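Below are my entries, in the order in which I looked things up.

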Amino acid sequence: MSNIPSELKYTKSHEWVRIEGDGTATVGISDHAQTLLGDMVFVELPEPGAALEAGEECAVVESVKAASDVYTPLSGKVVAANELLEDAPETVNTDAYNDGWLFRIRLEDEAELKELLDAEAYAELVAEEDH
Amino acid sequence: MNNEPLIFEHSRPGRINRAQSAHLGGDLDDIPDTLRRQRRPGLPEVSELDAVRHYTRLSQKNFSIDTHFYPLGSCTMKYNPRACNTLASLPGFLGQHPLSAVRDSQGILACLWDLQEMLKAVTGMCAVSLTPMAGAQGEFAGVAMIRAYHDARGDDARTEILVPDAAHGTNPATATMCGYSVREIPTDAQGDVDVVALKAAVGPHTAGIMLTNPSTLGVFERRIHEIARIVHQAGGLLYYDGANLNAILGKVKPGDMGFDVIHINLHKTFSTPHGGGGPGSGPVGVSERLHPFIPIPLVGRDDNSAFRWLDEHDLPQSIGRLSAHMGNTGILLRAYVYALMLGREGMVRIADYATLNANYLMARLRAAGFDMALPERRATHEFILTLKHQAKEPGVTAMDFAKRLLDYGFHAPTTYFPLIIPECLLIEPTETESKEALDAFVEAMVAIQAEAEKDVETLKGAPYSLPVRRLDDVQAARELDLRWQANGGMAS
């Protein structure tokens with residue numbers, strides 16, 4: 001069973017979002033996504049300062065099986081990228097929701113948050129795929 | 001002996017083979033000093049026997065189509081008839097220089113012309129160029145022609161190529177190489193392109209779509225005519241990836257499906273030895289509207305029916321040359337002999353038996369309890385088995401099965417492709433395997449499943465019987481180390 005923390009928001013393309021309460025949000029890939037992808041070998045992150053549109057490809061996670069695009073669920077400016085992953089991409093596997101975060105973004109349009117899935121809806125999506 | 005040293009490590013100073021034949025080289029005195037090497041090249045110095053043993057030992061470590069069932073999905077690892085190799089190696093072919101006068105080259109030009117005609121007939125395209133030297137180059141040529149077509153019409157708003165999410169990774173790579181952005185089109189639950197999503201995606205920005213049919217999911221794209229109409233109506237072109245042509249050879253023609261350009265992997269469908277980066281051959285076929293842009297040279301005929309090269313004078317809008325001469329001519333000749341031996345009737349048998357073997361193997365594996373990714377669809381020449389339930393309980397993955405199959409004497413199927421199916425094995429038996437070979441594979445899969453249920457660790461440790469055990473994929477990807485240097489061993 002996948003680990004799906006209830007305090008986070010999710011997307012259909014398996015990103016998670018943590019609302020930080022200071023006008024920023026942190027984005028990563030879900031535990032389910034990292035399990036499917038397998039052992040990470042490279043992570044390519046957006047440059048801090050980059051302006052992103054919701055739904056845009058902005059990062060790449062490459063595992064021994066595949067290279068996958070990560071889409072930003074929210075529009076805004078990137079305020080930080082997780083440099084730790086440059087040397088230790090496996091952190092995405094070992095700690096997808098904490099040290100394995102990918103980037104942090106300054107929210108531009110709070111209305112976009114409503115588009116995200118809650119933990120329950122995301123769990124349903126994962127269960128459906130697992131069927 | 002598992003650890004065969006590199007040929008350089010067999011080297012001993014001064015241990016060389018001198019040719020016993022007369023020295024036939026010309027006078028080298030007219031080569032300017034600036035072009036002469038100052039130091040001897042760092043070649044290994046070994047006896048002939050050392051060299052023979054070294055390479056024979058390496059070959060004995062290989063899984064190959066000559067030694068093992070090789071159901072590597074999407075790769076069409078079928079038997080390569082010896083006659084193709086023998087005839088392509090006739091001294092007249094081997095001694096043929098690409099710059100020989102055309103009047104002295106009529107024989108080889110006739111073979112290549114014939115091959116062009118056969119490929120036209122079997123694909124339903126209006127012209128074929130044999131020059132692309134691999135599938136990837138054929139893809140590049142195809143999309144470069146799509147670009148040239150739009151450019152020639154001044155239609156520069158077309159910036160996007162559509163690619164289904166089940167596609168080979170080479171498709172988006174090719175589109176990107178040709179300066180296009182890529183838009184992914186989803187696949188529906190039955191394995192077909194999602195036509196609603198396609199309709200929403202096309203427009204004045206659409207340069208074309210790249211499709212494989214049968215798709216990489218091992219099923220025939222049933223709405224191909226509708227897809228062709230949608231893309232053509234939007235002003236885009238259709239590119240056919242020939243990866244899975246083996247399934248339909250002589251049965252259905254990509255030209256009839258509405259494709260404007262196609263590449264054919266001769267090394268797969270026309271059975272020349274491939275794999276391990278060996279020489280490929282990726283001819284392209286075009287519809288009428290792309291004909292002016294076809295890569296040169298082609299073989300044509302003059303007024304007296306003599307064969308001649310067609311070049312930029314004949315095709316001034318051609319995208320140009322992709323190799324110094326005529327592509328991998330040796331591979332073209334092997335494919336030509338293969339096509340001649342089969343004839344029109346034999347081509348149909350390829351598709352018949354490739355499909356029969358795949359469906360037989362799928363039915364037996366399903367009866368043995370394995371899950372298929374698309375259980376409601378008939379397979380084409382290959383099918384996808386998913387081990388997602390085994391991955392949860394007892395906790396063995398597609399990779400564990402693949403590695404254990406090696407111990408049972410089978411090359412592993414393709415693993416983890418297409419990406420949209422979890423824990424999958426893509427299995428392509430090809431038409432050249434016997435029922436006994438297929439049955440033996442089923443038995444091995446059943447035995448491995450039983451091992452998995454008994455003790456997961458058996459599979460996790462596989463393979464046990466090969467020169468190298470389970471490799472560390474992560475380290476291999478992150479610390480790639482391919483160079484050997486004298487005195488220093490491995491260097492990065």
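**Entry 1, the core.** Which residues have the most contacts inside the largest nonpolar core? I found Leu115(B), Met145(B), Tyr239(B) and Val261(B), in a core of 118 residues. A reminder to myself: this is a predicted model. I then asked which helix of chain B gives the most to this core. That is H11, residues 329-367, with 15 residues. I also noted that the core draws at least three residues from each of domain 1 (87-340) and domain 2 (345-476) of chain B. There is a second, separate core of 31 residues, and I jotted down that it includes Ala59(A), Val61(A), Val70(A) and Leu116(A). I keep a general remark beside this entry: in soluble globular proteins, nonpolar side chains tend to be buried together.

I counted 16 helices and 15 strands in chain B. Its radius of gyration is 25 Å, close to the 23 Å that the globule rule gives for 492 residues, so chain B is as compact as a globular protein of that length. Along the principal axes, its C-alpha atoms fill a box of roughly 75 × 60 × 45 Å. Of the 492 residues, 41% count as buried. Looking at contacts with a separation of 6 or more, I see that 73% come from residues 24 or more positions apart.

How far apart are the centres of domain 1 and domain 2 of chain B? Taken over C-alpha atoms, they are separated by 30 Å. Domain 1 brings 19 residues to the contact between them, and domain 2 brings 18 residues. On the domain 1 side I sorted the residues by class: nine are nonpolar, eight polar and two charged.

The buried ones are Ala398(B), Met399(B), Asp400(B), Phe401(B), Ala402(B), Lys403(B), Arg404(B) and Leu405(B). They pack against strands S12 (414-415) and S13 (424-427), and against helices H14 (435-454) and H15 (456-460), of chain B. After H13(B) comes Gly409(B), with a positive phi near 85°.

I moved on to helix H14 of chain B, where Val446(B) is found. Is this residue buried, exposed or partly exposed? Val446(B) counts as partly exposed, with 15 C-beta neighbours inside 10 Å. I also took its C-alpha distance to Arg82(B), 364 residues away along the chain, and got 34 Å.

**Entry 7, between the chains.** The contact takes seven residues from chain A and eight residues from chain B. On the chain A side, four are nonpolar and three are charged, with no polar residues.

The mean pLDDT of chain B is 93, and 96% of its residues reach 70 or more. For the model, I wrote down ipTM 0.79 and pTM 0.90.

Conventions:
Residues numbered from 1 in each chain as written. Chains lettered and ligands numbered in written order. Predicted model: local features only at pLDDT ≥ 70, side-chain atom pairs only at ≥ 80, totals over all residues. Helix = DSSP H or I, 4+ residues; strand = E, 2+ residues; numbered from the N terminus. Rg over C-alpha atoms; globule rule 2.2 N^0.38 Å. Buried ≥ 20, exposed ≤ 12 C-beta atoms within 10 Å, placed from the backbone. Contact = placed C-beta atoms within 7 Å. Core = buried A, V, L, I, M, F, W, Y, C linked by C-beta atoms within 7 Å. Domains from an automatic or database assignment. Nonpolar A, V, L, I, M, F, W, Y, C, P; charged D, E, K, R; others polar. pLDDT = per-residue confidence, 0-100.
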